[in-house]
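Q: Can you walk me through this one? I'd like the main points, quickly.
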Amino acid sequence: MEEEQRSLLLSSASQFPLSDGFKPSYGTAGFRAEASVLRPTVYRVGILAALRALKTQSVIGLMITASHNQVSDNGVKVADPSGGMLAQDWEPFADVLANAPTPDHLVRLITEFVEAETIELGGEKKKVEVLVGRDTRPSGLSLLEAAKLGIRSIIGAVAIDVGILTTPQLHWMVRASNRSTQASEFDYLEQLSRSFRCLMDLILGGAESNEGDDKLAVDGANGVGGEKLLVLKEMLNLKGLEIEVRNSGREGGVLNEGVGADFVQKEKVVPSGFGSQDVGMRCASLDGDADRLVYFTVPSKNSSKIELVDGDKILSLFAVFIKEQLSILNKVADGNAGNDYQCRIGVVQTAYANGASTDYLKQLGLEVVLTPTGVKYLHEKASIYDIGIYFEANGHGTILFSEPFLLWLEAKNDELSSVAQGPEQRKATLRLLAVSKLINQAVGDALSAILLVEAILRHMGWSIHKWSELYHDLPSKQLKVKVVDRTAVVTANAETEVVKPPGIQEAINAEIAKYSKGRCFIRPSGTEDVIRVYAEASTQDEADSLASSVATLVDKFLGLGSS
């Protein structure tokens with residue numbers, strides 16, 4: 001490392017001494033903690049992002065957000081050139097960098113890492129850019145300055161402040177930048193609105209309403225998503241669909257407090273700003289940074305409970321629609337197969353997906369695979385298909401289209417536009433192309449997903465009630481058990497089976513066998529010494545009982561008194 005670079009790092013690092021007792025760890029959500037302790041971490045992630053940009057010679061993203069966490073928290077994560085999450089093999093370096101105790105130690109780590117990764121420092125190549133975004137948290141501005149200083153501490157890296165954005169907007173902008181297409185926030189909003197209008201023009205029931213219900217009420221979690229949805233709503237300027245945004249943050253509500261997708265999905269109660277006036281209406285809820293989406297209805301005036309339509313149901317709706325379009329493409333006028341491209345479609349879930357949803361998708365004839373918990377695993381698995389659909393029950397997910405399949409669709413559209421036959425085939429082709437542009441293929445995106453849900457419901461002629469009736473969730477229960485050492489549990493088969501300690505999986509199997517439609521698995525938490533227990537059965541009492549009995553087993557094998 002040249003002396004100029006070394007001096008720059010030592011000088012900037014000295015401004016960010018580590019917070020006592022705080023040992024950050026980079027997970028699926030990056031680093032996340034109480035905002036007051038995060039400045040040194042965000043500064044170091046700025047360095048990380050700059051090094052990643054130099055390594056890849058691409059635009060990298062840095063997002064300052066704590067998503068669905070309380071407003072006093074904040075966090076930071078890196079978006080890779082694809083718009084996806086930071087490459088997993090860089091996560092260990094992120095951890096050691098964030099925990100380096102002194103500026104000298106920090107510089108030594110960076111020196112060793114750039115040599116191992118053959119990263120050229122010194123700025124001799126063209127300058128690389130890191131796009132820096134943040135959500136609406138008050139702490140964001142201070143953390144933004146720390147991130148910029150970290151980025152600028154690496155010679156040849158430039159910090160581009162792209163302002164207040166949803167997390168998916170930043171990921172989209174990084175992806176678009178590296179594909180040499182227009183990549184501003186306006187371009188994102190324009191692409192969504194244009195693709196949505198195109199899809200609405202192509203749907204079968206375009207002139208019909210969803211059983212007379214054209215209104216959608218959206219809970220914006222008092223976060224950035226509510227603000228951006230208001231802007232998007234103006235750009236859509238659609239007749240026949242009225243979007244009412246509540247909890248936009250303009251009314252003075254507190255971010256994620258009694259509102260938002262995480263609150264609605266976990267608590268299954270009416271969020272603030274909703275109530276008896278909304279009985280039977282189609283409602284949706286975003287989380288704090290707008291990468292999660294769930295739908296719900298208020299069933300009665302006298303209850304605070306909701307009927308939840310979660311990520312599993314959103315996935316099922318998307319799968320039904322896409323399967324229908326592919327079926328149309330497979331037909332021609334004389335009834336013979338007309339598809340010369342064997343599209344491989346896959347649905348990706350985790351073990352937390354309700355068993356009823358998995359059964360429903362398999363009954364549709366779809367290939368369903370499980371991955372370990374975490375969006376990075378779901379996204380990676382979905383990318384192996386021509387069309388890969390993934391969603392977690394919490395409402396985070398998207399659809400991925402392979403480049404070869406999109407090229408084939410474009411060619412198919414050109415072919416069909418020149419012949420009189422196959423108008424429905426051409427419409428199906430155009431619908432799939434519109435979906436590929438409407439959905440955010442970089443990451444789960446509540447704004448793009450909400451528009452796709454609305455278009456498909458209109459196409460199917462379904463109310464939210466009919467959608468919700470696709471299948472009925474099996475009753476489930478989640479518990480957690482404090483243990484001495486969570487790493488004592490080692491799992492396999494997408495976290496559905498315990499490999500270590502010996503004997504516990506056999507004991508769990510014996511408990512499962514006692515219950516109708518019983519299913520149960522355990523997995524270690526990624527952040528604390530607890531083991532999470534998930535159970536399903538044919539009744540709520542049985543699910544509760546199964547979860548309780550397995551929690552007792554975990555305590556016996558691994559609990560605080562087990563030693």
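Predicted model: local features only at pLDDT ≥ 70, side-chain atom pairs only at ≥ 80, totals over all residues.

Q: Which strand pairs with β10, and in what sense?
A: Strand β9, residues 293–297, pairs with β10 in the antiparallel sense, over three bridges.

Q: What is the strand order in the sheet?
A: The order is β7-β6-β8-β9-β10. The sheet is open, with mixed pairing.

Q: Which strands stand at the edges?
A: β7 (242–246) and β10 (307–309). Each has a single partner strand, so one side of each is left without a neighbour in the sheet. From one strand to the next, the twist averages 30°.

Q: Which helix packs on the sheet?
A: Helix α8, residues 224–236. It touches β6, β7 and β8, and its direction makes about 160° with that of β7.

Q: New topic. Which residues touch the most other members of the largest nonpolar core?
A: Y295, F318, I387, I399, F405 and W467, out of 85 residues. Helix α10 (311–329) gives the most to this core, with eleven residues.

Q: What does Y295 touch?
A: Leaving out residues up to four places away in sequence, its contacts include L216, E307, I450 and W467.

Q: And N354, buried or exposed?
A: Buried, with a relative accessible area of 5%. N354 is in the loop between β11 and α11. Among the residues N354 touches beyond four places in sequence are D312, R519 and E536.

Q: Last one. How far apart are the centres of domain 1 and domain 4?
A: 37 Å, taken over C-alpha atoms. The domain assignment puts domain 1 at 3–164 and domain 4 at 476–558.

Conventions: Residues numbered from 1 in each chain as written. Heavy atoms only, no water. Core = buried A, V, L, I, M, F, W, Y, C linked by side-chain atoms within 4.5 Å. Buried < 20%, exposed > 50% of the residue type's maximum accessible area, 1.4 Å probe, protein only. Helix = DSSP H or I, 4+ residues; strand = E, 2+ residues; numbered from the N terminus. Contact = heavy atoms within 4.5 Å. Domains from an automatic or database assignment. Pairing = 2+ DSSP bridges. Axes fitted to C-alpha atoms, helices over the stretch in contact; angles between N-to-C directions.
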